[in-house]
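Q: Can you walk me through this one? I'd like the sheet and the aromatic side chains.

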Amino acid sequence: MPDSANPPIVILTGAGISKESGLDTFRDADGIWAKVRLEDVATPEGYARDPETVHAFYNARRKPLVDQSVAPNAAHVALARLEEAWPGEVLIVTQNIDDLHERGGSRNLIHMHGEMLKVRCDFCHAVMPWAEDATVKTKCPECGVTGQVRPHVVWFGEMPLEMDRIEAALGRCGLFLSIGTSGNVYPAAGFVQQVRYLGRAHTVELNLEPSEGATAFAETRYGPATDLVPAFVEQVLTRGW
């Protein structure tokens with residue numbers, strides 16, 4: 001059973017928490033989907049039509065993570081501090097495919113949309129760390145089959161990862177915190193409603209501007225993640241919520 005004095009915390013993060021590290025968001029006016037069509041690079045159908053273009057898109061996104069030209073920011077570091085200092089469980093559920101939470105120090109983490117620094121094989125289903133470019137000629141290190149390696153990323157129309165574990169965590173948390181999300185990508189956009197239905201947790205949105213689901217939260221705060229998140233973590237650790 002959860003510790004009633006130190007209840008579990010679930011934190012949902014989106015592209016907004018990594019924006020201040022220099023990574024593009026998806027839905028801003030100058031974001032990724034303003035530059036490429038998601039149907040071309042983020043769907044199974046797009047991959048089937050033109051796998052080379054899809055590989056090139058993800059190769060380019062992988063590069064700044066491999067060479068570490070982007071770094072965790074104060075928001076990532078603050079969440080790692082919360083995980084280390086809070087007596088109860090702290091789980092980060094991120095929609096991001098970068099590794100900035102890990103590099104910031106977080107350990108209890110679910111990448112519900114996959115990870116840019118991994119690939120998987122559609123033939124043998126192995127998931128492998130990956131720091132190189134991938135192409136249609138890439139051979140799977142596990143099974144040796146060529147042309148079946150794809151980015152370990154959840155595309156539109158595919159099921160997010162570890163949903164059973166996420167649902168269980170939402171069901172027992174005492175604080176649900178959403179950081180840097182647009183509020184229009186499901187199932188993540190529905191998490192706050194699930195938590196509210198159970199009536200056990202305080203719900204807080206920290207965002208640059210109101211998300212599409214902002215009215216569902218009991219509390220909202222707006223501004224840069226590097227300001228809001230460290231301040232909120234300090235509050236939680238000193239006097240709760």
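This is a predicted model: local features need pLDDT of at least 70, side-chain atom pairs count only at pLDDT 80 or more; totals for chains, interfaces and linings use all residues.

Q: In what order do the strands of the open sheet come?
A: The order is E5-E4-E6, with antiparallel pairing. Strands are DSSP runs of E, at least two residues, numbered from the N terminus. Two of them pair if DSSP finds at least two bridges between them.

Q: Which strands stand at the edges?
A: E5 (127-129) and E6 (149-153). Each has a single partner strand, so one side of each is left without a neighbour in the sheet.

Q: How many bridges join E4 and E6?
A: 4, in the antiparallel sense. Arg120 has Arg150 in E6 as its bridge partner.

Q: Switching to aromatics. How are the rings of Tyr47 and Trp155 arranged?
A: Their centres are 5.2 Å apart and their planes at 45 degrees, so the pair is tilted. Rings of Phe, Tyr and Trp (its six-membered ring) pair if their centres lie within 6.5 Å; planes under 30 degrees apart are stacked, over 60 edge-to-face, the rest tilted.

Q: Is Trp155 buried or exposed?
A: Buried, at 3% relative accessibility. Buried means under 20% relative accessible area, exposed over 50%, partly exposed in between (1.4 Å probe, protein chains only).

Q: Which residues make up the ring cluster?
A: Tyr47, Phe57, Tyr58 and Trp155, linked by ring pairs.

Terms used
Residues are numbered from 1 along each chain as its sequence is written. Side-chain values use heavy atoms; hydrogens and water are left out.
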